[in-house]
Amino acid sequence: MNEPDALAAKSALGSVEEGGVLWRPTPEALERTNLTGYMNWLEEKRGLVFQDYAELWQWSVRELEAFWESIWQYFGVVERKPYRRVLAERKMPGAKWFEGALLNYAEHALRRRDRRPALVYRGEDGASTELSSLELFERVERARAGLRRLGVGKSDRVAALLPNGPEAVIAALATASLGAIWSSCPPEFGVRSVLDRFSQIEPKVVLAVDGYRYGGKTFDRTSAVSEIVDALPGVKKTVLLSFLGASGLGDRSVMSFDELLSEREPMEFEPVPFDHPLWVLYSSGTTGLPKPIVHGHGGILLEHYKALSLHCDLGPDDRFFWFTTTGWMMWNFLISGLLVGSTVVLYDGSPAYPDLNALWRLAEHERITYFGTSAPFLLACKKAGIQPARDFHFEKLKAVGVTGAPLPPDGFDWVYSNVSGDILLGSLSGGTDLCTAFVLPCPLEEVRRGEIQCRGLGAKVEAFNEAGKSVVGEVGELVLTEPMPSMPVFLWGDADGSRYHESYFDMYDGVWRHGDWIRITERGSCIIYGRSDSTLNRGGVRMGTSEFYRLVEQLPEVSDSLVIDTSRLGTEDGKLWLFIVVAHGKELDDSLRNSICDLLRRELSPRHVPDEIHAVSEIPRTLN
């Protein structure tokens with residue numbers, strides 16, 4: 001979009017009210033969408049005719065078995081053994097999907113094998129790599145052989161402290177091909193934060209990087225990696241990816257990433273049951289360690305096919321980008337772009353280095369068609385006054401995806417005025433818990449100011465009022481009243497399922513309570529108003545308050561603490577406030593502030609550093 005077009009769009013937006021139409025697809029564009037193709041297939045193969053998306057959605061949540069079986073068949077899931085039935089018990093928790101089926105996620109992610117690029121990597125330091133789908137397949141084949149030499153087999157855990165680069169994707173797919181279980185954190189996570197996660201799953205192999213670059217600075221992580229490996233007694237081998245040129249980690253059993261890929265053997269995909277663990281993600285609660293959420297091969301496969309193809313309209317001609325790290329579920333969502341044959345674009349580094357145009361330069365240079373980011377990033381661009389449409393050309397860009405926090409109406413305005421007036425701005429919301437979004441874009445629908453276009457197919461999203469009744473046009477608790485295949489298989493270490501039940505089903509019997517406020521409009525669009533529980537959400541990373549308290553209250557100067565996120569709908573960027581009760585005889589001075597910030601940055605992550613720290617005489621408490 002050129003500058004005059006952007007200015008014209010900006011002028012037109014001046015009269016658009018909240019909920020007003022900002023974009024609508026042309027009749028020609030409607031016919032080209034994957035969703036239209038799926039609806040045509042339903043008519044041809046099943047005799048099902050739907051007049052609009054609303055009718056299709058109603059069918060998908062009413063006839064769960066028929067809908068999810070259609071997704072299986074439409075996308076041609078490769079089954080090594082057929083399923084006996086689609087859904088054994090239609091209940092939550094406890095729904096059993098596609099019992100009897102044997103399959104493998106990695107087999108589908110590597111199904112495309114040609115010379116077109118499958119992965120494109122760019123680092124903020126100028127580093128770059130491109131791998132065709134054939135090259136990616138070969139490297140996964142080699143990584144699989146390497147993991148086998150290290151003794152990794154079905155159900156073993158492989159943990160990674162890696163940046164968002166090709167090595168992480170290769171290792172994750174190799175792990176999945178073996179039926180082993182993947183888990184990852186970004187290298188900036190502090191030792192405590194990593195161990196709080198990996199110690200729960202007891203990995204056999206750890207892949208790590210010796211350092212990383214962010215915001216123009218280089219960070220050495222060799223000592224942190226050594227400390228992490230030492231604290232994980234089950235680790236048989238550490239695979240080190242050298243960024244700084246480190247040759248090893250002292251006397252520890254270490255091999256290089258190149259050594260891992262040094263031998264090749266024919267690729268095989270371990271056939272596993274539908275609900276066999278694929279990866280472990282972490283969602284922090286308000287008490288205890290982060291919840292280790294286990295997702296299954298089949299559930300992720302079907303959900304990501306549906307979300308990426310039908311809702312995000314991605315396919316083989318697309319170049320799919322999302323700004324993320326390996327510690328956010330959007331990384332898992334991003335690499336699933338391989339399922340639909342898209343070229344996945346990876347970026348490692350700061351989105352604001354050397355300035356806030358870094359990712360927009362990337363979009364132009366890599367001819368990105370789907371640009372995914374977070375609401376805080378778009379609002380930071382707005383505040384900085386940058387105008388990407390003036391400075392860059394986005395001829396291929398067809399959609400901007402946004403998640404991580406609610407995007408207020410003026411954020412919509414900024415995108416249509418300063419990025420492009422002719423794209424689908426797809427706001428979406430969901431969570432680590434299901435590794436997907438359940439309110440999503442819809443290429444058949446209009447984009448309205450401040451609204452998410454629709455509830456996802458197969459996702460019975462409702463808003464419950466204080467009486468536990470479903471309401472429309474009112475703000476209520478976001479709930480799921482029907483099961484979805486990508487719901488957690490279980491929480492790691494939760495043998496009796498009590499923690500799983502407590503996390504999602506303690507408020508409403510048989511109904512998933514997600515912990516967000518939502519309003520569903522009469523049109524079927526949605527508005528998210530932020531968290532309804534005390535879990536914080538910073539830039540798409542959910543943080544438990546307990547993570548803060550365990551560290552801050554270890555300091556002798558702090559006797560009590562309370563952390564609050566002020567983000568809410570309508571604010572450009574909320575703040576993370578930390579309130580502390582200082583110990584007797586101490587005071588909150590710059591030295592203590594710096595100590596707290598340094599501790600949180602080092603042990604957890606830079607995102608955990610509060611914007612403001614205030615001293616109070618007492619922390620308010622409930623009777624609990």
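Trainee: Before we start, what does contact mean here?

Mentor: Contact means heavy atoms within 4.5 Å. Keep in mind that this is a predicted model.

Trainee: OK. What do the buried residues of helix 7 pack against?

Mentor: They pack against strand 5 (117-123), strand 6 (128-132), helix 8 (166-177), strand 9 (205-209) and helix 11 (257-260).

Trainee: And which residues of helix 7 are buried?

Mentor: The buried ones are Ser-133, Leu-136, Phe-137, Val-140, Glu-141, Ala-143, Arg-144, Ala-145, Gly-146 and Leu-147.

Trainee: How many residues does helix 7 have, and how far does it reach?

Mentor: Helix 7 covers residues 133-149, which is 17 residues. From its first C-alpha to its last it reaches 24 Å, close to the 24 Å expected at 1.5 Å a residue.

Trainee: What follows helix 7?

Mentor: Gly-151 follows helix 7, and its phi is positive, near 90°.

Trainee: Switching to the core. How many residues are in the largest nonpolar one?

Mentor: The largest nonpolar core has 138 residues, and Leu-207 and Trp-360 have the most contacts inside it. Helix 8 gives the most to this core, with eight residues.

Trainee: What does Trp-360 touch?

Mentor: Leaving out residues up to four places away in sequence, Trp-360 touches Phe-371, Phe-377, Leu-378, Cys-381, Ile-386, Pro-388, Phe-392, Phe-394, Trp-414 and Val-419. There is also a second, separate core of 23 residues, which includes Ile-293, Ala-459, Leu-480 and Ile-520.

Trainee: New topic, helix pairs. Where do helix 4 and helix 5 sit relative to each other?

Mentor: The axes of helix 4 (residues 53-62) and helix 5 (residues 64-74) come within 5 Å and cross at roughly 105°. Angles from 65 to 115 degrees count as roughly perpendicular, so helix 4 is roughly perpendicular to helix 5.

Trainee: Which residues meet there?

Mentor: From helix 4, Trp-59, Ser-60, Val-61 and Arg-62 meet Leu-64, Ala-66, Phe-67 and Ser-70 of helix 5. That contact divides into five nonpolar, two polar and one charged residue.

Trainee: What about helix 3 and helix 5?

Mentor: The axes of helix 3 (residues 34-46) and helix 5 come within 12 Å, crossing at roughly 105°. That makes helix 3 roughly perpendicular to helix 5.

Trainee: Which residues meet in that pair?

Mentor: In helix 3 they are Asn-34, Gly-37, Tyr-38, Trp-41, Leu-42 and Arg-46. Their partners in helix 5 are Ala-66, Phe-67, Glu-69, Ser-70, Ile-71, Gln-73 and Tyr-74. By class, this contact has seven nonpolar, four polar and two charged residues.

Note on methods: Residues numbered from 1 in each chain as written. Predicted model: local features only at pLDDT ≥ 70, side-chain atom pairs only at ≥ 80, totals over all residues. Heavy atoms only, no water. Helix = DSSP H or I, 4+ residues; strand = E, 2+ residues; numbered from the N terminus. Expected span 1.5 Å × (residues − 1). Buried < 20%, exposed > 50% of the residue type's maximum accessible area, 1.4 Å probe, protein only. Core = buried A, V, L, I, M, F, W, Y, C linked by side-chain atoms within 4.5 Å. Axes fitted to C-alpha atoms, helices over the stretch in contact; angles between N-to-C directions. Parallel < 35°, antiparallel > 145°, perpendicular 65-115°, else oblique. Nonpolar A, V, L, I, M, F, W, Y, C, P; charged D, E, K, R; others polar.
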